[in-house]
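Here is a friendly briefing to read alongside the model. Please keep the sequence and the 3D view open as you go through the points.

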Amino acid sequence: MGKRFTRTVPVAHTLMGSLLAGASFTAVAQDQTLPPEALDWQPWGQSEAPQQLCRGRYVMPGYRLPEEQNPETLSVETQEADYAADGEALLRGDVVLRRGNTELEAERIFLPADRQQVDAEGNLVLRDGQALLRGDNATLMLNEDRATIRNSHYVLYEEHLRGQASQLEQIGEARYRLHDATFTTCDPGANTWQLVSSDIRLNQESGFGTARHARLQVKDVPIFYWPWLRFPIDDQRHTGLLSPAIGFSSDGFDYAQPFYWNIAPNHDATITPRWMSDRGLLLNGEYRYLFEESAGTVEGGYLSSDDGGANNDNRFTGEDRWYIDAQHAGRVNSRSNYSLRYGAASDGRYFDDFGAEFGNSDRVSMERLAQVDYQGERWQLDARAQGFQRLEDPLNDTDKPFYRLPSLTANSNWQLGHGLYSEWRSNATYFWRDVDERRVPEREAATGSRLHLTPALGWRGEESWGYIEPRTELWYTAYELDYGERETDRGTSPTRSVAVTSVDSGLVFERELELGNRDYRQTLEPRLNYAYVPRTNQTQLPDFDSRERAFSWEQLWSPHRFSGADRVGDLNRVSLGVESRLIEDSNGRERLTFGVGQSVYFAERRIDSEGDPDTLPARPEEDPNVNPQRYYQATRDRSPLVTRLDWQINDRWSTGYEWLYDDHREQTERTSVDLRYRHPEGHVVNLGYRWEIEGFDPDVVPGDDSFRNYSREEWDLSFAWKASPRIDLIGRYLHDQTNDRSLEQLAGLQWNDCCYGVQLVWREWVDDNDTARIGDDFSDRGLFLRFVFRGLGGIGQQADSYFERTIPGYRPTPL
């Protein structure tokens with residue numbers, strides 16, 4: 001048995017401080033390896049291993065010495081101890097020292113008489129519950145922040161990090177230096193990658209580290225070199241280089257190198273020079289700030305003299321390309337907030353060419369906004385100046401949106417008792433846009449102000465078995481207009497007053513039902529809705545923001561045929577429908593919802609975007625520039641029969657269905673079917689079918705960018721299959737059945753390992769060139785590769801958010 005000594009000694013926290021400070025980037029140079037068990041490595045059990053990315057974990061063994069009541073007490077256990085007359089001590093054999101949570105093992109430990117220094121050698125092992133350090137020998141200055149450990153191996157348990165250093169030094173308070181160091185997150189014996197540096201300096205207080213002559217090795221093959229590298233050593237935000245994005249394609253080489261600048265705790269910036277071999281140098285930047293009552297961002301990009309791309313047929317060749325998007329939002333008080341935003345781009349193709357995420361851009365406009373609101377107990381107020389730059393090229397004057405300079409809104413509600421209520425909606429807006437008023441339709445040529453008031457009075461009587469709700473809205477609208485140089489006989493101060501009346505009612509029947517040994521409640525809910533809007537002449541009114549809505553289930557019950565305030569569609573119809581829901585009593589979950597409904601019209605719908613109450617839309621055979629369905633939609637005596645279904649078949653399978661069927665012409669106007677599979681392990685399959693008759697949307701006419709001169713029929717298949725915890729397979733195929741072409745093809749593989757991840761995806765898609773013409777569509781394609789070295793960063797373009805949008809239900813394994 002060894003002898004145990006307990007003493008109180010002022011030992012500085014040097015060894016573990018140095019190890020933890022260098023944890024995020026220490027690394028080495030020796031070829032010497034240790035067996036996994038010497039690194040406190042514990043393989044997973046047979047039942048656990050299939051579900052884990054790593055083949056095991058680092059687990060600290062129990063302390064050899066018990067914890068002392070006083071954490072400053074130094075506990076010592078040794079087999080032999082020699083003491084000199086002057087107080088020197090030599091501890092030999094299996095020596096163990098413990099102070100607090102730190103325990104040191106060595107074959108020999110020498111303590112000089114002044115107790116200022118400890119020399120330890122022979123199978124040195126140091127643990128503190130968070131990390132392990134092994135070495136040949138060490139010198140510790142007990143009353144100074146200085147220490148030297150030679151030929152060291154280290155492990156951070158929770159971070160799954162390990163590495164080596166020929167010499168680890170503490171050179172001051174929270175300052176360290178490592179010579180010939182390595183760093184990796186790979187399992188022991190599997191050096192898939194490691195970072196190697198001859199000289200690493202760490203400053204724990206500032207949170208920074210620097211490395212000289214650092215190189216990234218994959219399977220011991222150097223692939224990247226930094227002559228000098230500055231990096232963070234904790235999870236705080238620090239100035240330094242971020243992981244680059246590198247791309248290779250038929251267009252050439254694309255390299256982006258972000259630099260992060262931690263200006264202050266509440267300010268930061270990211271500056272990203274991006275070199276594209278086929279276009280030139282693009283400089284991107286983002287600045288963010290956060291205050292107690294406000295926050296904002298400013299981002300932008302600039303490319304001087306675009307080289308034109310790989311084909312050099314870009315019409316922007318030689319031009320400067322840029323964008324800016326600045327946002328600021330804050331709080332005035334507990335009831336009032338404000339927002340500011342300004343966005344602009346040099347052209348409508350900027351984000352298609354430079355800002356696309358994974359070959360696809362979601363930006364359709366750049367917003368300009370100054371807005372303040374107030375949310376009171378009774379009133380809701382909003383004041384704003386707002387506009388948009390539409391991102392299309394070419395962009396016709398008719399497609400440019402109007403600016404609101406300004407727009408003032410005041411809304412309120414009153415409950416008057418016994419089901420009676422009233423509402424107040426009001427808005428005053430000045431509309432403006434920079435176009436040649438002689439080159440747009442006359443109804444869109446004006447600029448000016450609009451006052452729109454819509455008071456409403458209604459009553460809702462509701463019982464458990466049903467409800468009825470009559471309601472009347474008064475739409476009063478007045479304008480002050482300016483047509484500029486456009487010659488017109490339209491008035492400059494038109495007004496409109498029209499009442500919108502509706503009655504909505506429904507019944508609810510329920511019954512208990514048993515299916516498959518489960519209890520359900522089935523409802524039967526017939527609904528009757530009547531709406532009347534008189535035909536009102538609106539030919540003198542401009543068209544600032546109105547759009548005729550396409551027919552849908554919701555339109556069965558709405559008296560408003562148009563969005564916006566410039567048009568009120570005439571309507572005299574009754575809608576009848578019935579819904580049935582199947583509710584699982586055990587958890588109240590709706591398993592099945594089925595509805596069918598139809599509107600019956602008592603008069604033609606003559607009001608369209610022109611606002612003429614006396615003239616029906618032209619027939620398509622008389623005017624090829626009109627919507628081919630518009631005349632029929634205005635004169636039919638009943639709407640399409642609308643059927644919809646939402647069925648949760650079981651916990652994994654579900655389906656949705658909508659069908660608009662014209663029972664007069666005996667043809668489908670629009671239908672959609674979706675079949676969805678969701679597995680608890682993350683497997684996802686989606687199958688969708690879409691059909692839409694040409695001209696279904698009444699607001700779209702030939703010549704519009706969104707018009708299609710064919711009946712649209714598409715199939716959409718997407719899947720994501722987690723073949724194992726390590727492998728994700730993804731794919732999508734979107735097919736245009738009408739024109740017998742694929743709109744998008746995507747196939748990818750994601751490999752997830754303990755210390756790295758790889759994402760390889762091929763994608764081909766159709767770019768419509770911002771027009772509705774098929775003739776100028778062109779196919780684009782790309783092969784996207786992304787590497788991620790866990791604990792170090794990634795190289796390549798991240799595409800996870802694109803996959804989530806494209807493959808509904810898929811949640812990518814984080815790389």
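At 74% relative accessibility, N517 counts as exposed, a class that starts over 50% relative accessible area, while buried means under 20% and partly exposed lies in between (1.4 Å probe, protein chains only). N517 sits in the loop between β34 (509-515) and β35 (518-533), where strands are DSSP runs of E with at least two residues, helices are runs of H or I with at least four residues, and both are numbered from the N terminus. Its phi is near 65°, a positive value in a residue other than glycine.

This is a predicted model, in which local features need pLDDT of at least 70 and side-chain atom pairs count only at pLDDT 80 or more, while totals for chains, interfaces and linings use all residues. Residues are numbered from 1 along each chain as its sequence is written, and side-chain values use heavy atoms, with hydrogens and water left out.

**Another positive phi**

- H213 also has a positive phi, near 50°, and is a residue other than glycine.
- H213 belongs to strand β14 (residues 208-218).
- With a relative accessible area of 44%, H213 is partly exposed.

**The protein as a whole**

- The secondary structure comes to 4 helices and 49 strands.
- Of the 815 residues in the protein, 46% are buried.
- Among contacts (heavy atoms within 4.5 Å) with a separation of 6 or more, 54% come from residues 24 or more positions apart.
- The accessible surface is about 40,000 Å², and carbon and sulfur atoms account for 51% of that area; the areas come from the Shrake-Rupley method with a 1.4 Å probe, and for residues only the protein chains shown count as cover.

**Nonpolar cores**

- A nonpolar core is a set of buried Ala, Val, Leu, Ile, Met, Phe, Trp, Tyr and Cys residues joined through side-chain atoms within 4.5 Å.
- The largest such core has 40 residues, and L97, I109, L178 and W193 have the most contacts inside it.
- A second, separate core holds 16 residues, including W475, V533, L571 and F696.

**Aromatic rings**

- The whole structure contains 20 aromatic pairs; rings of Phe, Tyr and Trp (its six-membered ring) pair if their centres lie within 6.5 Å, with planes under 30 degrees apart called stacked, over 60 edge-to-face and the rest tilted.
- One of these pairs joins W41 and Y58, which are edge-to-face at 5.0 Å centre to centre with 70° between the planes.
- W41 comes from strand β2 (residues 41-43) and Y58 from strand β3 (residues 56-58), so the pair links parts of the chain 17 residues apart.
- Both partners are buried: W41 has 14% relative accessibility, and Y58 has 5%.
- W653 and Y677 form a tilted pair, 4.8 Å centre to centre with 50° between the planes.
- Because W653 lies in strand β41 (residues 653-662) and Y677 in strand β42 (residues 667-678), this pair ties together parts 24 residues apart in sequence.
- W653 is partly exposed at 34% relative accessibility, whereas Y677 is buried at 11%.
- Y323, Y350, F351 and F354 make up one aromatic cluster.

**Charges over rings**

- The charged end of R605 sits over the ring of Y601, 3.7 Å from its centre; this calls for NZ of Lys or CZ of Arg within 6 Å of the ring centre and within 35 degrees of the ring normal.
- R763 places its charged end over the ring of W765, 4.2 Å from the centre.

**Paired strands**

- Strands β45 (residues 727-736) and β46 (residues 741-752) run antiparallel and are joined by 10 bridges; two strands pair if DSSP finds at least two bridges between them.
- L734 has E744 in β46 as its bridge partner.
- The hairpin of β45 and β46 has 4 residues between the strands, and D740 takes a positive phi near 50° there.
- β46 is also joined to strand β47 (residues 756-767) by 9 bridges, and these two run antiparallel.
- Q750 stands opposite Q759 in β47, and the hairpin of β46 and β47 has 3 residues between the strands.

**Cis peptide bonds**

- D393 and P394 are joined by a cis peptide bond with omega about 5°, and P394 is in the loop between β26 (379-390) and β27 (403-417).
- The bond from L405 to P406 is cis, with omega near -5°, and P406 is in strand β27.
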